Amino acid sequence: MNSVISKLGLDRFSGVYLGVILVIVFGFATPEFLTPATFHVIASSQSIAGIIAIALLIPMVAGQYDLSVGTNANLTGLVVVALQGYWGWSLPAALISGVALGVLIGFVNGFIVVVLKVDSFIATLGVSSILTASVIIVTNSVVPPQPTSAGWKSLTQFEFGGFQIVIVYLIVLALLAWWLLEFTPAGRYLHAIGSNRDAARLAGVRVNRWSWVSLVLSGGIAGIGGILYTSLTGPSFTFGATLLLPAFAAVFLGSTQLFPGRFNVWGTLLAIFVLALGVQGLQLLSGVTWLSPMFNGIALIAAVALAVSRGRSRSKGSKQSKDVQPPNEAAERHDSPALTGVS
């Protein structure tokens with residue numbers, strides 16, 4: 001059975017198979033599904049969610065959570081709009097300030113985690129609540145008007161190859177994140193920290209520094225996602241919260257795809273678009289609006305359970321084979337704390 005699964009690639013390409021099945025099933029079930037409009041909507045709507053997922057992915061590679069990515073994006077987008085609409089800032093100045101704000105939020109997250117020694121889950125959850133309050137303070141509970149400048153609209157409101165430009169932004173950010181995590185010393189440090197924090201420290205990796213860097217990168221990317229979302233759909237008080245759950249589901253489900261057992265960029269993007277295919281197909285069939293949070297919640301629970309199960313299996317296999325391995329080879333094997341349920 002295991003050999004059949006391996007030959008078919010079900011252990012790492014199950015998301016691809018599921019995506020094909022969803023396209024076939026919903027294609028037969030509703031004629032509205034297999035249309036260019038459906039795929040254009042999925043591509044544009046999920047591109048921002050993909051950017052937020054990449055923001056979440058980078059610290060998770062290092063074993064850190066950033067629960068503030070949604071509210072970071074929300075606040076950053078509103079601040080950029082308010083700077084242009086209320087105070088007459090130019091577009092470049094507002095954009096630079098917005099990205100700087102996202103980076104600053106990531107820096108504060110890193111300070112709380114590294115210097116104050118607060119667990120990243122608690123630290124970023126608290127910062128997220130503070131950012132929610134900050135949104136009300138900045139806007140005085142009034143949604144600022146969408147800027148009318150051509151530059152602001154052209155940031156996202158045009159097409160490239162039949163798709164809205166935001167999909168290109170996602171691809172560029174994904175390539176940069178992939179290069180960073182897989183081909184640079186920084187990426188190797190982050191993977192080493194996420195795999196075994198103590199072993200990385202003993203090997204000379206500056207664990208605190210790189211954990212802090214991962215949270216700063218997360219904040220900056222979340223800020224970019226918030227700016228793009230606001231330019232694409234308009235300012236809102238609540239959009240950030242809706243991005244967090246799909247991002248978590250995609251990152252955990254992505255850890256079971258392409259490179260099982262590790263958080264990875266392409267598995268995350270595969271997961272987010274497969275989830276979007278399921279949500280879009282079910283919404284076309286049923287017309288109800290609660291399907292998206294329901295589907296993403298179930299997917300998150302299933303993905304985490306599957307990832308933890310894989311981590312335990314790898315841990316058990318490593319333990320059973322330790323006796324027959326040379327000591328130096330056994331010493332090099334580590335289990336990912338993030339995938340075995342330990343942050």
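Which residues does V118 touch, not counting residues up to four places away in sequence? Select V118 and look around its side chain. The answer is I112, V113 and A123. Contact here means heavy atoms within 4.5 Å.

Before moving on, some ground rules. This is a predicted model, in which local features need pLDDT of at least 70 and side-chain atom pairs count only at pLDDT 80 or more, while totals for chains, interfaces and linings use all residues. Residues are numbered from 1 along each chain as its sequence is written, and side-chain values use heavy atoms, with hydrogens and water left out.

**Stop 1: the loop at V118**

Stay on V118. This residue lies in the loop between α5 (91-115) and α6 (120-139). Helices are DSSP runs of H or I with at least four residues, numbered from the N terminus. V118 is partly exposed, at a relative accessible area of 27%. The scale is this: buried means under 20% relative accessible area, exposed over 50%, and partly exposed in between, using a 1.4 Å probe and protein chains only.

**Stop 2**

Now select N140 and S141. Both N140 and S141 are found in the loop between α6 and α7, with α7 covering 150-154. Check the backbone angles. N140 is not a glycine, yet has a positive phi of about 55 degrees. S141 has a positive phi too, near 65 degrees, and is likewise a residue other than glycine. N140 counts as exposed, at 62% relative accessibility.

**Stop 2: S231 in α11**

Select S231 next. Helix α11 (residues 207-233) holds this serine. Buried or exposed: which is S231? S231 is buried, with a relative accessible area of 2%. Show the surroundings. Leaving aside neighbours within four places in sequence, S231 is in contact with Q146, W152, K153, L155, T156 and Q157.

**Stop 3: where α8 meets α9**

Two packed helices are described by the angle between their axes and the distance between the axes. Select helix α8 (residues 166-183) and helix α9 (residues 185-195). Their axes come within 5 Å and cross at roughly 70 degrees. Axes are lines fitted to C-alpha atoms, for helices over the stretch in contact, with angles running from 0 to 180 degrees between N-to-C directions.

Colour the residues that make the contact. From α8, pick L180, L181, E182 and F183. From α9, pick A186, G187, R188, L190 and H191. By class, the contact has five nonpolar, two polar and two charged residues. Nonpolar covers Ala, Val, Leu, Ile, Met, Phe, Trp, Tyr, Cys and Pro; charged covers Asp, Glu, Lys and Arg; the others, Gly among them, are polar.

**Stop 4: the salt bridges**

How many salt bridges does the structure hold? There are two. A salt bridge is a side-chain nitrogen of Lys or Arg within 4 Å of a carboxyl oxygen of Asp or Glu.

Start with R262 and E182. Their closest N and O atoms are 3.6 Å apart. R262 lies in the loop between α12 (239-254) and α13 (265-286), and E182 in helix α8, so the pair ties together parts that are 80 residues apart in sequence. R262 is partly exposed at 33% relative accessibility. E182 is partly exposed at 26%.

Then go to D198 and R201. Their side chains meet at 3.4 Å, N to O. Both sit in helix α10 (residues 197-202), three residues apart, and are separated by about one helical turn. D198 is partly exposed at 49%, and R201 is partly exposed at 42%.

**Stop 5: aromatic rings**

The whole structure has 13 aromatic pairs. Rings of Phe, Tyr and Trp (its six-membered ring) pair if their centres lie within 6.5 Å; planes under 30 degrees apart are stacked, over 60 edge-to-face and the rest tilted.

Select Y65 and F248. The ring centres are 6.2 Å apart and the planes are at 35 degrees, so the pair is tilted. Y65 is in the loop between α3 (36-61) and α4 (69-85), and F248 is in helix α12, 183 residues apart. Y65 is buried at 16%, and F248 is buried at 10%.

Next, select Y189 and W210. Their ring centres are 5.3 Å apart with planes at 50 degrees, so this pair is tilted. Y189 is in helix α9 and W210 in helix α11, 21 residues apart. Y189 counts as partly exposed at 32%.

To finish, select Y65, F121, F248, F252 and F263 together. Ring pairs link these residues into a cluster.

Definitions and conventions
Helix = DSSP H or I, 4+ residues; strand = E, 2+ residues; numbered from the N terminus.
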